[in-house]
Amino acid sequence: MDRRSFIQQSITGATALSGISSARPSEAEERLPDRGDARGKPNILFIMTDQQRYDCLGANGNRIIQTPNLDRLASQSANFSHCYVQAPVCVPSRACFFTGRYAHSHRNRVNYTELPSDETLMQHRLREAGYSTCLVGKTHLYYDYPPTREEAMRTGFDTVELHDGAGSTDPWSDYVKWRNQNDPKKDVYYRALARPEKDVGYSGKTNPFLCAIDEEFTDTSWTGLKTREHLKRLAEKKEPFFLFSSYWKPHSPFEVPRPFDSLYNDVDFELPKQESLEDIQKLPLPLQKLILRGNNPPYDMDRKRLEWIYRSYYGAITHIDREVGTTLDTLDELGLSDDTIVVFCSDHGDQLLEHGLMGKNVFFEASERVPFMIRFPGKIQPGQYDEFMETIDVLPTLFELIGLEEPYPCQGQSMVPLISGEGKSFTPRDCVFSENVIPEVFSSSFFFEKDRGVKGIRHPDAKMIWTREWKFNYYPEGYAELYHLKDDPNEQRNLAGDPDYRNTERELKDRILDWLINSVETDQIAERWLV
């Protein structure tokens with residue numbers, strides 16, 4: 001099977017894949033040099049969810065959602081209220097986190113594509129410095145496909161418990177293997193519903209997205225279980241550890257197990273504004289193509305069905321909250337809390353039908369803004385921080401906290417001077433940037449053709465700048481969005497092209513150009529030239 005077929009099966013949720021051989025263990029070993037001595041350095045527990053919005057935590061102002069454990073963690077952490085991803089889609093965003101580099105630099109632009117082999121990831125640098133490195137759950141970052149355990153090890157992990165969560169990746173899923181050995185319902189697909197949606201309906205008190213398998217055998221519970229098993233194992237080692245605990249949820253589909261399926265039954269959610277086809281057709285053509293993709297675009301979804309999706313999405317987050325809370329309790333029981341940096345974040349958000357779109361791949365706030373909190377007792381001053389943060393800042397922040405030199409190619413800035421409580425000099429960002437291929441190139445409806453583009457769009461690469469007052473999204477060939485965030489926080493009135501805002505638009509476009517040039521200076525000036 002060729003790569004294009006693999007990508008297509010991955011996106012459409014195929015449940016089996018054959019004809020691709022696994023990476024050889026020797027290839028995994030070739031990328032991992034002898035480790036240094038890191039004894040005495042702090043541990044790192046890095047917890048990531050997939051597709052969780054910033055506003056879906058109690059600590060971030062949501063009065064409905066039940067997240068007591070994450071709220072407790074937030075109260076002990078530097079909790080950032082304005083953290084934005086540099087690419088609002090899984091694989092490119094995770095590459096930004098783990099390289100400390102923008103997507104145009106690390107060159108991983110769309111899902112289910114390889115990371116260039118000359119990009120070095122955080123876990124590889126930590127292993128080289130003497131850390132024991134471990135992955136549990138979803139990585140979604142590889143130098144080559146298929147996504148095997150050996151391939152995940154090539155990126156820098158010593159130990160891997162892998163589950164990328166798409167049907168086409170199940171042949172290499174350690175979670176699927178574990179279920180086959182332990183779950184009496186092993187023959188039931190883990191994303192299956194207890195009953196067909198149409199049979200349950202949306203008018204009663206039964207969640208139509210109730211999961212067919214029991215809670216203890218879901219991938220959320222498995223990720224928590226295996227995280228704690230590896231915490232106990234790593235606690236016995238002399239060297240510090242980096243443990244990446246990565247949950248698939250609350251990413252769609254929206255199946256949710258008991259008892260989390262009914263937690264929000266009595267909540268009447270404030271649903272997003274219903275978008276008409278006329279509303280969507282006022283957006284730039286690339287966004288129209290994305291929102292209206294497929295044979296049945298969901299922009300006019302049944303509102304009762306949407307409310308059950310919200311209940312299930314919230315239930316999935318509360319399920320994760322329980323697992324994270326139990327993991328933090330285990331950290332306490334092992335006596336490791338004071339010596340462990342804990343990070344909690346998500347790789348991007350979810351529109352949940354805002355602007356007529358389910359999922360992500362756009363620059364609207366629901367996709368771009370994510371929760372981010374970091375705890376290190378005695379070294380980080382807890383509190384809410386309203387300064388701008390980009391997710392490329394995570395790597396240099398962690399490296400400064402553990403005393404490692406920032407990698408030369410890193411494009412982020414350490415937030416330690418801000419959050420250490422020591423009054424160090426810190427220059428905050430006055431804007432954040434993001435970029436994305438819009439519409440998605442690799443999907444069931446859109447395939448890129450050289451010299452012809454994607455269904456009438458010559459070049460789908462889009463760029464964003466977000467200041468305190470303005471957001472400007474630039475698409476080649478004359479498409480743009482300009483929102484005055486102070487007057488229009490929900491991004492409903494596109495001012496691009498309005499003569500009254502021509503100067504603002506030109507200034508923001510110039511800043512995007514400067515960013516694209518200045519951000520790649522370390523790629524243009526080789527480190528060896530400076531010696």
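User: Why does Glu333 count as exposed?

Analyst: The relative accessibility of Glu333 is 66%. Exposed means over 50% relative accessible area, buried under 20%, and partly exposed in between (1.4 Å probe, protein chains only); Glu333 therefore counts as exposed. The model is predicted: local features need pLDDT of at least 70, side-chain atom pairs count only at pLDDT 80 or more, and totals for chains, interfaces and linings use all residues. Residues are numbered from 1 along each chain as its sequence is written, and side-chain values use heavy atoms, without hydrogens and water.

User: In which element does Glu333 lie, and which residues form the negative surface patch?

Analyst: Glu333 belongs to helix H13, residues 303–333; helices (H or I, at least four residues) and strands (E, at least two) are DSSP runs, numbered from the N terminus. Together with Asp332, Asp338 and Asp339, Glu333 forms a negative surface patch. Patch members have over 30% relative accessible area and no salt bridge; like charges are joined within 9 Å, nonpolar side chains (Val, Leu, Ile, Met, Phe, Trp, Tyr) within 5 Å.

User: What makes the nonpolar surface patch, and why is Leu530 called exposed?

Analyst: Ile525, Trp529 and Leu530 make this patch of about 340 Å². Leu530 is in the segment after helix H18 (521–524). Its relative accessible area is 57%, so Leu530 is exposed.

User: Why does Lys471 count as buried, and which side chain does the side chain of Lys471 contact?

Analyst: Lys471, in strand S11 (residues 470–475), has 0% relative accessibility and therefore counts as buried. Its side chain makes a polar contact with the side chain of Glu491 at 2.5 Å. A polar contact is a pair of N or O atoms within 3.5 Å; within protein, one must be able to donate a hydrogen and the other to accept it, and residues adjacent in sequence count only if both atoms are side-chain atoms. A polar atom of the Lys471 side chain also lies 2.4 Å from the backbone oxygen of Phe363.

User: What makes the pair Arg191 and Asp219 a salt bridge?

Analyst: The side chains of Arg191 and Asp219 meet at 2.8 Å, N to O. A salt bridge is a side-chain nitrogen of Lys or Arg within 4 Å of a carboxyl oxygen of Asp or Glu, and the pair is therefore a salt bridge. Arg191 lies in the loop between helix H8 (174–182) and helix H9 (197–200) and Asp219 in helix H10, so the pair ties together parts 28 residues apart in sequence. Both Arg191 and Asp219 are buried; for Asp219 the relative accessible area is 4%.

User: How many salt bridges does a search of the whole structure find, and which residues are linked in a network?

Analyst: The search finds 40 salt bridges. Arg101, Arg107, Asp118, Glu119 and Asp523 are linked in a network of them. Within it, the side chains of Arg101 and Glu119 meet at 2.9 Å, N to O. Arg101 lies in the loop between helix H4 (90–99) and helix H5 (103–106), and Glu119 in the loop between H5 and helix H6 (122–129), 18 residues apart. Arg101 and Glu119 are buried.

User: Why is Arg369 called buried, and why does Glu365 count as partly exposed?

Analyst: Arg369 is buried because its relative accessible area is 14%, whereas Glu365, at 30%, counts as partly exposed. The two form a salt bridge, with the closest N and O atoms 2.7 Å apart.

User: How many residues of helix H15 are buried?

Analyst: Eight of the nine residues of H15 (394–402) are buried, and the helix is mostly covered. Among the buried residues are Val394, Leu398 and Ile402. Gly403, which follows H15, has a positive phi, near 80°.

Note on methods. Areas by Shrake-Rupley, 256 points an atom, 1.4 Å probe, with all protein chains shown as cover. Lys, Arg positive; Asp, Glu negative; His and termini not counted. Charge placed at Lys NZ, Arg CZ, Asp CG, Glu CD.
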